[in-house]
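Welcome, and please have a look at the chain below. The report after it begins with one residue and then widens out to the whole structure.

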Amino acid sequence: MGLEGSRLLSPWPPKVTPEIRRLIGWSRHDLCELFLELRRMPQQGVNLAEFSRLIKFDSRQLAEPIFELFHPHSKRVPYLSIIGPMVVMSDQHYISRASMLFCIFDFNNSGAVNNAEFFIGLRSLLKGCTTFWKNFAATSQDEVERISTNIFSRIDVDGSEFITMGEFLTFAYRSKDFRTLMSPHAAASTEIFEEPIYFGGKGLALDLTAVSMAQQLERKLRHQVRLTPDPPDDLQPKRWVKRSSLDQNGRRARAWRQPIGLTRAHAWVALRVFHFLAKGERTIYIPHLLQTLSDDLRAAHCVEEALLAVAPAPSGAGGGPQDVASAAPPVPEGVNRILQHFCLQFSGGHVHERVQVLRDDGRCVGISLRAFCCVVWPHISECDLEVLLGWCKAYQAQRTLHELMKVMRHEDIDLDAEDIAELFAALEGNNEGQLSADELHRLGCLDVETARKLVARLDADPSASLTKLEVRSVVHQLDTALKEQFRAASLMHPQKNREAN
């Protein structure tokens, strides 16, 4: 978090208030259900009766002592000061806690938070922590504003006035102070959730608070930097969300720019090495990664093996559907140029040290693709790393599409529902949950004829496009057919199967 954050985290670890243990150790699912109830409330605060009902106390008498610890004002407690520390002390991986905190403080479900939302979230979190922990230092509003501005400006390097969830998660992976803040409660769950949660409900009270705070911060900034008189506030243009920064789903998206020091070749190599080390899983098992990184030659050999596992597209093919369906996605230009530098970067001792830190401080068992890129490129800005991960998703979509092409050869498909969801998220351009032959051609690197044949093969209705349900059903049918074939073979040769076992 920075120097200010370090002062807040001393002394450490904090002493948990005994009465508050009822609010500790909640699961992600239960916290989501709780926040949905809170978000639907017409006010930002809860009274004793609502607090008792939502936390599921047996009686108001049992809830009252805990409710009073939050120092209610006008018989109400701001629920953000309750839910924030509950997430920090929940039964979740610390990155899962980070993603949930971000989504809670994304008041208008735009997929990003601005300076005002970030300040409100941090202020509520720190205020609640003073109740959860006996020796946690109380912070003034000016101090919280300094910390908030420092963190926000560090992440928002291009000055777009908002930060995305991916950028915040990259910050969380790298920040020692953030890991320390999440450390008092050791979670049993090791699942890593990096996807956003879009909470339902109007959340009108939260939106109004964020708008009001944004106006206060803007007025303060104008007062500090202006050299000419400003018109009155009521004559200023109303701008809460820049329309130019909204994507087709109504969520804020950062304007694209070429990252410094990273290319598509870096993304392709990183994705190949990650898949090789993950062995078909969504995360790399940290002990296996540390063993690979313990020796420079072993690490370099790992990169070499990962790239050799890629079958190059056949040259001079006849162009028939069978050849096209079996061709691997093309290797991007520039891989050979950056390969030596990537090997030096990957095999360097700093990667081994950072993985050890994630294992020890973050209590991680496995690391995701985002975490992997964070430790390999520790000094790349958060927004540049998002571009790299965007390229990785595009290459992953091509790999998934190549796997899906096995349908045309009646081969086994190594895909799951998450692979199919990622394919649609990366390739669909109309945001209607459908993939057309044109999108498969333009974004999936298939030739026009092959894309049309794939759609015709999988399309269950005359829509000339594919839905997730259609793709999943074909994959499920193939999987079921293979299991039936295996079961039939087992029944036909029981003695041979017993000898094999």
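Histidine 379 is exposed, with a relative accessible area of 73%; here buried means under 20% relative accessible area, exposed over 50%, and partly exposed in between, with a 1.4 Å probe and protein chains only. The residue sits in the loop between helix H18 (369-376) and helix H19 (382-404). Helices (H or I, at least four residues) and strands (E, at least two) are DSSP runs, numbered from the N terminus.

This is a predicted model, in which local features need pLDDT of at least 70 and side-chain atom pairs count only at pLDDT 80 or more, while totals for chains, interfaces and linings use all residues. Residues are numbered from 1 along each chain as its sequence is written, and side-chain values use heavy atoms, with hydrogens and water left out.

Which residues does histidine 379 touch, not counting residues up to four places away in sequence? They are Arg174 and Arg354, where contact means heavy atoms within 4.5 Å. Histidine 379 and arginine 174 are 205 residues apart in sequence, yet their C-alpha atoms are 9.6 Å apart in space.

Arginine 174 also has a place in the story of valine 357: these two are 183 residues apart along the chain, with 9.8 Å between their C-alpha atoms. Valine 357 belongs to helix H17 (residues 349-360) and counts as partly exposed, at 31% relative accessibility. Setting aside residues up to four places away in sequence, valine 357 touches Arg179 and Gly362.

Now for the chain as a whole. Its secondary structure comes to 24 helices and eight strands. Of the 501 residues in the protein chain, 47% are buried. Among contacts between residues at least 6 apart in sequence, 75% join residues at least 24 apart. The accessible surface of the chain comes to about 25,400 Å², and 54% of this belongs to carbon and sulfur atoms; such areas come from the Shrake-Rupley method with a 1.4 Å probe, and for residues only the protein chains shown count as cover.

Next, the interior. A nonpolar core is a set of buried Ala, Val, Leu, Ile, Met, Phe, Trp, Tyr and Cys residues joined through side-chain atoms within 4.5 Å. The largest such core has 115 residues, and those with the most contacts inside it are Phe51, Phe342, Phe346 and Phe372. Helix H12 (residues 264-278) gives the largest share of this core, 10 residues. What does phenylalanine 346 contact, leaving aside its neighbours within four places in sequence? Its partners include Val273, Leu277, Leu289, Leu293 and Phe372. A second, separate core has 11 residues, among them Ala437, Ala451, Leu454 and Val455.

On a 1 Å grid over the protein atoms alone, a cavity is a set of points where a 1.4 Å probe fits but cannot get out, and lining residues have an atom within 4 Å of a point. Grid points are joined across faces, edges and corners, and a volume is the space filled by probe spheres set on the points. By this rule there are two cavities of 30 Å³ or more. In the table, Ala, Val, Leu, Ile, Met, Phe, Trp, Tyr, Cys and Pro count as nonpolar, Asp, Glu, Lys and Arg as charged, and the others, Gly among them, as polar.

| Cavity | Volume | Lining residues by class |
|---|---|---|
| Largest cavity | about 200 Å³ | 13 nonpolar, one polar, one charged |
| Second largest cavity | about 60 Å³ | nine nonpolar, no polar, one charged |

The largest cavity is lined by 15 residues, of which Phe105, Phe118, Leu122, Leu125 and Phe168 lie nearest its centre. Helices H6 (94-105), H7 (115-132), H9 (165-174) and H10 (176-181) are the elements that give two or more residues to this lining, and the largest share, five residues, comes from H7.

The lining of the second largest cavity includes Leu34, Phe51, Tyr79 and Met86, together with Glu50. Helix H2 (28-39), helix H3 (48-54) and helix H5 (80-88) each supply at least two of its residues, with the largest share, three residues, from H3.

Note on methods:
On a 1 Å grid over the protein atoms alone, a cavity is a set of points where a 1.4 Å probe fits but cannot get out, and a pocket is an open set with protein on both sides within 12 Å along at least five of seven lines; lining residues have an atom within 4 Å of a point.
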